[in-house]
Amino acid sequence: MALEYRSDDCDRYRMEYADPHREIEPIENEIAVVDAVLEMLDECGGLPHTRYDGEKMLAHRRAVRELFEIPWTAITPRMQRLLYAVNAIIQPPNMLAAGIFCGNTFISNAGAAVGPGACYTAMQLIGIEIKPEEAERAERNVRRIDPTGVARIVAGDAVEVVADFSEPIHALYLDADGTGGRGKDIYEDILEAGYDRMPPGSVVMAHNSVNAAERLKPYLKFVRDPAHFRVSLNVVFDREGLEVSVK
Ligand SMILES: C[S@@+](CC[C@H](N)C(=O)[O-])C[C@H]1O[C@@H](n2cnc3c(N)ncnc32)[C@H](O)[C@@H]1O
């Protein structure tokens, strides 16, 4: 089932990439928009429920603001909340995130299980970044929030790291831009590398379903095919967008 959630203000809701912590809208709006997405996912059977701890989410947000070095990010507050909420609801034991730059996208997912926003115990939360210097920065950032090592960064090509991960993958977050000319088309290769180890109920979240829609056409065609994923929802509430696909 291929669905779309579109907020009325998706064209007007904008962030400054270099100023990620600035409030863009009243928090009640942000919560209402994300709740609407979660309800849509719940109604079509993509999520077991819509409940997550809003106070823990804000504790996570504060920790990232205080502890992370973020030169820029395209993760809007709405997107940060949605990623946190989906992870808090499905509670993936193993979560892999591909193309995580300074680690902000990774921790938006992993923050549901580590640090002050933790609401469950995970097994392995792995962020994958191909540029060694970015992977080092991301690892420094993540260590400040999670001293346990459950959340960690691997420097490498996400296609290879996902292919080599022999455990079940309960959540996969895609954001790699295929540095070296490949572009966002690399999402297909990363998903293909892990698809067979994704059990029923597992989730793939692909950033840039809106602003890279053209480049992602074959990827989106694959995940919107009910033979591959039960539900696939295109979340259009900022300029980047997120395709949430549930197996
Ligand atoms: C544009 S950034 C994502 C930024 C993110 N959307 C944010 O707002 O913070 C994409 C990252 O993917 C990384 N990347 C590109 N190809 C990759 C690959 N094959 N495996 C892992 N990381 C990759 C790049 O080095 C870059 O840091």
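Two strands are said to pair if DSSP finds at least two bridges between them, and helices (H or I, at least four residues) and strands (E, at least two) are DSSP runs that are numbered from the N terminus. The structure is a predicted model, in which local features need pLDDT of at least 70 and side-chain atom pairs count only at pLDDT 80 or more, while totals for chains, interfaces and linings use all residues. Residues are numbered from 1 along each chain as its sequence is written.

**View 1. Strand 8 and its two partners.** Strand 7 (residues 231-236) runs antiparallel to strand 8 and is joined to it by five bridges, with L233 as the bridge partner of V244. Five bridges also join strand 6 (residues 203-207) to strand 8, again antiparallel, and here A206 stands opposite E243.

**View 2. The turn between strand 7 and strand 8.** These two strands form a hairpin with five residues between them, and G241 in the turn has a positive phi of about 80°.

View 3. Because five of the five residues of strand 8 (residues 242-246) are buried, the strand is largely enclosed by the rest of the structure.

**View 4. Helix 3 and the residue after it.** Just after helix 3, Q91 takes a positive phi of about 50°.

Notes:
Buried ≥ 20, exposed ≤ 12 C-beta atoms within 10 Å, placed from the backbone.
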